[in-house]
Protein chains: 2
Amino acid sequence: MAASPTASPATLHDVAREAGVSLATASRSLNGSTRKVNDEYRQRVLAAAARLNYSPNFSAQAVAKGSTSTVALLVSDIADPYFSSIAAGVIRAAETQGLIVTMAVTERSTERELELVRALRGQRPRVMILTGSRSDGSESQAALVAELKAFAATGGRVVLISQEGLPFSTVVVDNYLGARALANSLVGQGYRRFAAIGGARTLVTSRDRLAGFADGLAEHGIAIHPDHIVRGEFTRDGGFAAATELLADGIGQIDLVFAVSDVMAIGAMSAFREAGIVVPRDIAVAGFDDIDTARDVTPALTTVHIPLADLGQQAVELALSDAALSSDEVIRVETRVVLRASSPQL
Amino acid sequence: MAASPTASPATLHDVAREAGVSLATASRSLNGSTRKVNDEYRQRVLAAAARLNYSPNFSAQAVAKGSTSTVALLVSDIADPYFSSIAAGVIRAAETQGLIVTMAVTERSTERELELVRALRGQRPRVMILTGSRSDGSESQAALVAELKAFAATGGRVVLISQEGLPFSTVVVDNYLGARALANSLVGQGYRRFAAIGGARTLVTSRDRLAGFADGLAEHGIAIHPDHIVRGEFTRDGGFAAATELLADGIGQIDLVFAVSDVMAIGAMSAFREAGIVVPRDIAVAGFDDIDTARDVTPALTTVHIPLADLGQQAVELALSDAALSSDEVIRVETRVVLRASSPQL
DNA sequence: CGCAGTGCGGAATGCGTTTTCCCACATATT
DNA sequence: AATATGTGGGAAAACGCATTCCGCACTGCG
């Protein structure tokens, strides 16, 4: 029983010996290979494996077959519900395919993202999924693309989530259209005077949503005063800070503030609450993403629904499908405006 | 440029040939081995590696050295902020050690957990971290322990998060004490008539928190009427359902409802809101965990703070420290009552 | 000038698998 | 009865890399 403190795991070799068969037969018995093996032998091997508590060494298998069964996932911040929901979808889809997922977080830094992609290549994952908003004009952008191309050139599949314009297969959300639809709905609710909270100017997602929103308003002859567009980090605290800034300027002229993401919107709502501003009585709020907590804040948050978990799921399916070989297949997922109590009919 | 559609990645062998050195020299140049290598050779190798876009094959390295650099993390549900915060801590700590983390989700099923542990063993991770509440009386429990012991016996480190009583190193939260302190604080706030929302009866975490809370109240001669303890799934929807059940019985006799987790509390708050019950005017609410959104709901949620990310971080540190060898080191993290607007002074 | 020591490149070995290749044997075909 | 055609086990060769061991060219010392 009390083995030496740190014996090494049983190997296939041990199993073969224990079962009195060859390595080849043991291997064939334990993983449905194409070759058949006599049922008696197979049983012997299975029994021996169980007896020895054998567990195949994935690394060795990977080396031998020249391919792994892992999918690597890159997110900006796993504690952010936007990303954790996507991750849940990725993991779910991966598991049904018998794939293991490894995760790394970029902390919203493009440089870090590049480093991680470089490192992750060493895993030889079957699939690499990148999510998080692209930031254009970045120096590392070209290097990132090169690195991903190198990965793809050696048989790896790359899928991007929610970031168009890069030469890889992508699952995109129509941020522009969603934001435009939201603007239309809000005007329909009776709102006329808007403010917006955005992320960094280079963040594509933020820009698209802002643009869509502005264009949606424009259809009704409404414009957002430039002073009423404030920016912050793409986080809860960023939203909080931006809202605080907005408050400093006075919100007398504003009916509703649109934040480009739910987490920012929720940060903003907290800022309002702390300032004694009551949503939606004093000011209405709308977000984007429809994260789980959007319906649990008070008032429940008006937003644009994105099927987050589906995004992740579709990403791995796209990666595994042959369509991904074409290198720039695009799956577009639908968004849907969800009006809630944070923007009641006026 | 247009290589064959799917060339294989450059190997160390290729690099060595390109640099005109031996395999050994190439290996030594690319990963700070103990042996020194002439600077000129090293430069040649580095240049060749860059030219060929070489990326070391982790699997092969793992096979060669007989050890990997991955930590496997098991969570119940990555979309749950409780787990995603812990995961963030684990990932952060792992990355600083140059470790890769792989993740799997158990969906709160002990059977699934067992399957996953079995599968994960194949990765030969350096560390395996299990989180999620233990459910005692489960059939799979013994099998799980056996599997983990087998893993530990072959040099693997096992660390549990927030689940005492199993023969492994653990990072525990003092649920009992935290809940008791919360009860005391709430009584101090003037509350006297309580209800509670718990998870399944077998869930250790739920039970400890309930027990602590009850004992805390008992110190003041207060008891919760058995009818006022309702149970549901350990999720937002579970909290919602439990609160709905509570409402059906009438909440006239209740000042405050304590939910054993923030997500359940938030679900409960949503149920109240939908029923037109105003928190905290009509009923106060308190939770446990202090997930990020606890401060962002309205009213902000009174809860017991757990440094979730630290939990994850400490788990990997514990795993990597030699203390883990003793097989049942326990790190106890402090909790702290956080009174917020959901339970104002009466 | 000889000898022990040292520094460092290279050949070879091994890690745990899968997979090819060879071969013995059984069965089917003429 | 003799040959063709599977069928399936086993030996051995990969797979990509780390590392041990060997040997060569120096260096320093007496």
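A polar contact is a pair of N or O atoms within 3.5 Å; within protein, one atom must be able to donate a hydrogen and the other to accept it, and residues adjacent in sequence count only if both atoms are side-chain atoms. This is a predicted model, in which local features need pLDDT of at least 70, side-chain atom pairs count only at pLDDT 80 or more, and totals for chains, interfaces and linings use all residues. Residues are numbered from 1 along each chain as its sequence is written, chains are lettered from A and ligands numbered from 1 in the order in which they are written, and side-chain values use heavy atoms, without hydrogens and water.

**DNA strand D**

Asn57(B) places a backbone N or O atom 3.1 Å from a phosphate oxygen of DNA strand D. The table lists this contact with two others.

| Residue | Atom in the residue | Atom in DNA strand D | Distance |
|---|---|---|---|
| Arg28(A) | polar side-chain atom | base nitrogen | 2.9 Å |
| Lys36(A) | backbone N or O | phosphate oxygen | 3.3 Å |
| Asn57(B) | backbone N or O | phosphate oxygen | 3.1 Å |

A residue is near a strand if one of its heavy atoms lies within 4 Å of it. In total, 27 residues surround DNA strand D, and the closest include Arg35(A) and Gln61(B). Sugar and phosphate make up 56% of the DNA strand D atoms that come within 4 Å of the protein.

Which helix gives the largest share of this surface? H4(B) does, with five residues. Helices here are DSSP runs of H or I with at least four residues, strands are runs of E with at least two, and both are numbered from the N terminus.

**Helix H8 of chain A**

H8(A) covers residues 175–188. Its 14 residues reach 20 Å from first C-alpha to last, close to the 20 Å expected at 1.5 Å a residue. That expected span is 1.5 Å times one less than the number of residues. Buried means under 20% relative accessible area, exposed over 50%, and partly exposed in between (1.4 Å probe, protein chains only). Among the buried residues of H8(A) are Ala179(A), Leu182(A), Ala183(A) and Leu186(A). An α-helix has 3.6 residues a turn, so residues three or four places apart point the same way. Just after H8(A), Gly190(A) takes a positive phi of about 105°.

**Loops**

Arg108(A) has a positive phi of about 60°, although it is not a glycine. Arg108(A) sits in the loop between S2 and H6 of chain A. Its relative accessible area is 34%, so it is partly exposed.

A cis peptide bond joins Val279(A) and Pro280(A), with omega about 0°. Another cis peptide bond links Thr298(A) and Pro299(A), with omega about -5°.
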